[in-house]
Amino acid sequence: MNLNSIKVEYNACDDKDDNGASSSSGGVHKVCMPPHRTTFQKLKQRLSEIFFPDDPLHRFKNQTGLRKFVLGLQFFFPVFEWGPKYNLSLLRSDIIAGITIASLSIPQGISYAKLANLPPIIGLYSSFVPPLIYSLLGSSRHLAVGPVSIASLVMGTMLSQAVQYSKEPTLYLQLAFTSTLFAGLLQAAMGFFRLGFIIDFLSKATLLGFMAGAAVIVSLQQLKGLLGIVHFTNKMQIVPVLTSVFTHKDEWSWKTFVMGVCFLVFLLTTRQISARNPKLFWISAASPLVSVILSTVIAYSIKSHTHAIQTIGHLPKGINPPSVNLLHFGGPHLALALKVGIITGILALTEGIAVGRTFAAMQNYQVDGNKEMIALGLMNVVGSCASCFVTTGSFSRSAVSYNAGGKTVVSNIVMAATVLITLLFLMPLFHYTPNLILAAIIITAVIGLIDYQAAFRLWKVDKLDCVACLSSFFGVLFISVPIGLAIAVGISVFKILLHVTRPNTNVLGYIPSTRSFQSISRYSTAVRIPSFLIIAVEAPFYFANSTYLQERTLRWIREEEERIKANNEPPIKCVIIDMTAVTAIDTSGIDTICELRRLLEKRSLKLVLANPVGNVMEKLFNSNSLEAFGLDGLYLTVSEAVDDISSSWKPEKPEP
């Protein structure tokens, strides 16, 4: 192969100074230094990229004072942005959507309150106040707000391990409302300080396994309602739950079971119909309320013949009573309330933002994640003072709102108004609603969280992600909900550390008829360059991986020398490290590169760096490390390095 054939002409940087911003000599393009910036400028840019990647203040530039004031109102209160454009056509669509999601949110609110081991009325309170707050502050047009299964499950599980509502109802309510306050404060603080990247540590694989495990546990817990069991375990592990089911066989009620299974089949069937034909979404949306009405009528009709079917009982009429006096900031359970608030707050935040972004993408508009955090946080802070527990955006209700033609957050206001009417006038109608129908609604809602197809995809794409998913799943099933989640997060963090501490390195070869150097293990057409070993590093050069990268580079050299010896090829003269993917470097990385250069120099091998990025180049220059490499130790590309270095070698004289 003719090495000169791979030479590429480059437009040289303008000559500036000896240190180097740029120069050109002999057709070789010198690597340019980045423009000079002060430490303050670097810190400012770095913090801006971390906390303000979307540049939220860009629309305030070059605006008058009055316009900035109006934009500020729209920024903090999105209602001022869409409000002036609102019309009767949008109102008609939102009324239909609001009434539709209310028919779903009323039975779900009651059911999810039971899931959190709270009085059913708390679920309706939580479907009234939070949607009103969100409608003023939220930036998503389609997010339907209310209680959700995951947050309800986690709250009920964690609180019940320390306090039983049946034994200490006041203390349980205090902890539930205090946890909601802490969740809201956390969410609002994360939005205010723009810390949304923290929730990214809850990977999709982690949440997939967590939700599937939680769905199984929740479904098994509902056997209490479906079988009519009175005495049931408060634990949330699969073994105690199944043990409790079969230990209390004498409490099983066949009437309750038959009725519950019939409604469960009905709910699952309507769900399947709507899934196969999205135009029939209203069937699935209306089925929970229809089930509640039918089951209540049936239970009322047979109440004189049997008392085997357990019902909700009395629900008080009226709007949310204040609960500020129930907030609990002392005593031995404060740490528990804080822990529950943090976990449920992060889970609710993750679900709410994910749902909001999903529907925003479908309608081609943007949702500001940090503004959403503030809106959801303030919603929960206010809710904790109005007898509400943790709420967020619900995927099922948001999907119903979207399919029903909802256009703006006014649909949340209509839903809240419908719930208000229910609270004021319709509470006595729920007296004979059987517990079995709440169990059936909960099972129908959470069974959709089991996505086995996504788990199969994880196994095919990323085995470590699949391990995280399974660890979360089995941790929730056999240990506990928070520990199962912690295990999965730990595995996800371990995966990140593994990629950082053990980055990929590859030996590169030249692909004929191109200007490209690619991995020889990936491309069969890649050709090794005689006397060169070209190594690509695909990660930042940090203290955590610097020792590994040095050892791995020396191993590549040893393996290449063994291959050369076996094939009787020319020995290695130069090692080129392609630093295209080395996005950052620290002092440990610089020391490692210098040490590696000295080790290779003792073995009569030349070390060359190709294409270091701007900040890497700057740190190498400031550390005076470039002096040891000399003028021919740094190149813009691998191809230029190979061409220039090989042309400087004197041809070996043939032996006589």
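Hi everyone, let's start with N611, which at 26% relative accessibility counts as partly exposed. Keep in mind that this is a predicted model. N611 sits in the loop between strand β9 (606-610) and helix α24 (614-622). Its phi is near 55°, a positive value in a residue other than glycine.

There is another asparagine to show you. N568 also has a positive phi, about 55°, although it is not a glycine. You'll find N568 in the loop between α22 (546-567) and β8 (574-578). Is N568 buried or exposed? With 73% relative accessibility, N568 counts as exposed, because the cut-off for that class is over 50%.

Now to a helix pair. Helix α7, residues 149-160, packs against helix α8, residues 169-192, at an angle of about 130°, and their axes are 11 Å apart. The two helices are therefore oblique to each other. The crossing of α7 past α8 is right-handed. Which residues make the contact? From α7 they are M155, G156, L159 and S160, and from α8 they are Y172, L175, A176, S179 and T180. Sorted by type, that contact has five nonpolar residues, four polar ones and no charged ones.

The unreviewed UniProt entry gives "transmembrane region" for several stretches, among them 171-193, 205-232 and 373-396. In the model, residues 205-232 are 79% helix and 0% strand, with the end C-alpha atoms 32 Å apart. For residues 373-396, the chain is 58% helix and 12% strand, and the end C-alpha atoms lie 20 Å apart.

Note on methods:
Residues numbered from 1 in each chain as written. Predicted model: local features only at pLDDT ≥ 70, side-chain atom pairs only at ≥ 80, totals over all residues. Heavy atoms only, no water. UniProt positions renumbered as here; feature names shortened; annotations may be inferred. Helix = DSSP H or I, 4+ residues; strand = E, 2+ residues; numbered from the N terminus. Buried < 20%, exposed > 50% of the residue type's maximum accessible area, 1.4 Å probe, protein only. Axes fitted to C-alpha atoms, helices over the stretch in contact; angles between N-to-C directions. Parallel < 35°, antiparallel > 145°, perpendicular 65-115°, else oblique. Left-handed = near helix turned anticlockwise from the far one by under 90°. Contact = heavy atoms within 4.5 Å. Nonpolar A, V, L, I, M, F, W, Y, C, P; charged D, E, K, R; others polar.
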